[in-house]
Amino acid sequence: MRILVAYYSLTGNTLKVAEAIFDEIPEPKEIKPLDEIQSLEGFDLTFVGFPILQFGPPPPIRAFLENQGQSRNIALFVTHASWRSPELSPMLDSWLRKCKAAASGVTLLGFFDCQGELSEASAELLINSEIPQIRYFGSLRHMTIGHPDITDLENARQFARDIISDK
């Protein structure tokens, strides 16, 4: 089985998770940034990773899944600067549903999400928002520092093992 790990990473969070997944899967395998992928032809399974941006998958991911992923075996992994808490879980769940919906034309074999570190620049933009809920989210940047951490990366490795064992 030939496996590709494709990723779209802006701050390095998603790249860290992609590398953890890549390290766990057997040969033959490749890891590439999304913008270097011409085709999924020849791959039996593709892990596709990206950060949640503007409350859902970024446009390059939507286009990639629509144009390249149709009827392909895909396992999605996403990073985000949120965490599970009573006040934030409903928002996060909504964002994750949007990510899964972007993969509607693929054969979705699994989905993994983990917290990443919110950059200072992003936090600043959020803090200056007109929307109180968004300002609050930006003010909690300190709770994201250091993610993805060792536990997050081990969970990503376990996700990879689970997908491979099910295939």
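Which residue in β2 does Ile 3 stand opposite? I began with this pairing and found that Ile 3 stands opposite Lys 29 in β2.

**Basis.** I am working with a predicted model, in which local features need pLDDT of at least 70 and side-chain atom pairs count only at pLDDT 80 or more, whereas totals for chains, interfaces and linings use all residues. Residues are numbered from 1 along each chain as its sequence is written, and side-chain values use heavy atoms, with hydrogens and water left out.

**Strand β1.** I took helices (H or I, at least four residues) and strands (E, at least two) as DSSP runs, numbered from the N terminus, and let two strands pair if DSSP finds at least two bridges between them. On that basis β1 and strand β2 (residues 29-33) run parallel and are joined by 5 bridges. Between them the chain passes through helix α1 (residues 13-24), and I noted this β-α-β crossover as right-handed, meaning that, with the strands pointing away from the viewer, the path from the first strand over the helix to the second runs clockwise. Strand β3 (residues 45-51) also pairs with β1 in the parallel sense, over 5 bridges, and there Val 48 is the bridge partner of Ala 6.

I then looked up burial, where buried means under 20% relative accessible area, exposed over 50%, and partly exposed in between (1.4 Å probe, protein chains only). Strand β1 (residues 3-7) is largely enclosed by the rest of the structure, because 5 of its 5 residues are buried. Ile 3, Val 5 and Tyr 7 point one way from β1, while Leu 4 and Ala 6 point the other way. I recall that in a regular strand the side chains alternate between the two faces of the sheet.

**Helix α5.** In helix α5 (residues 132-139) I found Ile 134, Phe 137 and Gly 138 buried. They lie on the same side of α5, because they cover an arc of only 100° around the axis, the arc being that of the directions from the helix axis to the C-beta atoms.

**Salt bridges.** My search of the whole structure gave 7 salt bridges, each a side-chain nitrogen of Lys or Arg within 4 Å of a carboxyl oxygen of Asp or Glu. In one of them Glu 24 meets Arg 161, with the closest N and O atoms 3.0 Å apart. This pair links distant parts of the chain, Glu 24 being in helix α1 and Arg 161 in helix α6 (residues 150-166), 137 residues apart. Glu 24 is partly exposed at 28% relative accessible area, and Arg 161 is partly exposed at 29%.

I also looked at Arg 141, which forms a salt bridge with Glu 117 at 3.4 Å between the closest N and O atoms. Arg 141 is buried, with a relative accessible area of 18%, whereas Glu 117 counts as partly exposed at 28%. Salt bridges that share partners join Glu 24, Glu 154, Arg 157 and Arg 161 into one network.

**Thr 79.** Where does Thr 79 sit? I placed Thr 79 in strand β4 (residues 73-80), and at 2% relative accessibility Thr 79 counts as buried. Its side chain makes a polar contact with the side chain of Thr 14 at 2.7 Å; such a contact is a pair of N or O atoms within 3.5 Å, where within protein one must be able to donate a hydrogen and the other to accept it, and residues adjacent in sequence count only if both atoms are side-chain atoms.
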